[in-house]
Amino acid sequence: MTFPISRPRRLRKSASLRRLLRETRISPASLVEPFFVCPGKNVRQPISAMPGICRFSVDHLLREARESHRLGIPAVLLFGVPREKDPLGKEAYARDGIVPTAVRALKDALPDLTVITDLCFCEYTDHGHCGVVKKSGRSFVLDNDATLDLMARTAVVQADAGADGVAPSGMIDGGVRTIRRALDEDGKKDTFLLAYTAKYASAFYGPFREAAASAPLFGDRRTYQMDPANAREALREAALDVKEGADIVMVKPALAYLDVLRLLKDRFSVPVAAYNVSGEYSMIKAAAAKGWIDGAAAALEVLTSIKRAGADVIVTYHAREAARGMKP
Ligand code: PBG
């Protein structure tokens, strides 16, 4: 008697069986939707490099966030695009700045939507770097410790406005500890920290820099963001962030760094987030617009791969359309 060949296809033969045996399930509950918020009224300004994404004034933001909430997306991440920029990014820590204003409005209207605020200065500085810059010989460098003071102030202002969590995204050494201490001293013990722990100096941020008008005027971010070639270094960054008080660690971008995501997931017990960044989003949109791929299917496949690699939370511009396409 010859032994029958094995038949893994048995378990793929129907949609219901495939659904039963699916290893990775993704639902709107895993998603965080980023928003760009700007001053003014009735502003809805499309970002040309990110089809489907706009900058919204607060009135529109409320409408949009209500829709996300209705679709089961539990959290939003806010980026501010201020009217004025200056060398010290003052709008970031102004109490009546665009982000605190948006947070107050959102928490008033949708108290159980989790509101996370990006905590960085590149959207607020005229030079576009993620903090205070100082002269060093003929060029400029990011002044780490001077930036820490501004981070502490910004965190307190954002938490005061009602942010549930703050997300330091500048890759500033000691940032997590500084923010945690400032929040605790101000009685904001319940404000959580989503740390951009392994943020790489990536080419995939291009479209975001149009959205936030935050391209650096000179130089680049390689002295503070990580080298794309390094994975072990992400473990060191994560160990520091967790020790300093990070509640959630994040890897960014997502797709080119799925190995790093898996590494952090296996080595740490805090929740792990992934940021499916602007360039990853726009590649799908561009190819879909040309009719080269099915954009909705590609987005869902990408989000599933990020989940499979270990992400508990995915920050993604696809959030709403993906949530609409997800079956129970
Ligand atoms: C700011 C920041 C950036 C992104 C999130 N926060 C841009 C950068 O570092 O240049 C990129 C997000 C995206 O591309 O979607 N520090």
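Visitor: Which helix and strand each supply at least two residues of the lining of the largest cavity?
Guide: This is a predicted model, in which local features need pLDDT of at least 70, side-chain atom pairs count only at pLDDT 80 or more, and totals for chains, interfaces and linings use all residues. Residues are numbered from 1 along each chain as its sequence is written, and side-chain values use heavy atoms, without hydrogens and water. Helices (H or I, at least four residues) and strands (E, at least two) are DSSP runs numbered from the N terminus. On that basis, the elements are β9 (192–199) and α6 (206–211).

Visitor: What volume lies in the largest cavity?
Guide: On a 1 Å grid over the protein atoms alone, a cavity is a set of points where a 1.4 Å probe fits but cannot get out; a pocket is an open set with protein on both sides within 12 Å along at least five of seven lines, and lining residues have an atom within 4 Å of a point. Points are joined across faces, edges and corners, and a volume is the space filled by probe spheres set on them. The structure holds 1 cavity of 30 Å³ or more. The largest cavity contains about 150 Å³.

Visitor: Which residues are closest to the centre of the largest cavity?
Guide: The lining comprises 19 residues. Those closest to the centre are C122, K199, Y205, F208 and K252.

Visitor: Which element gives the most to the lining of the second largest pocket?
Guide: This pocket, of about 380 Å³, is lined by 26 residues. β7 (139–142), α4 (144–161), α5 (175–185), β9 and α7 (232–244) each supply at least two. The most, 5 residues, come from α7.
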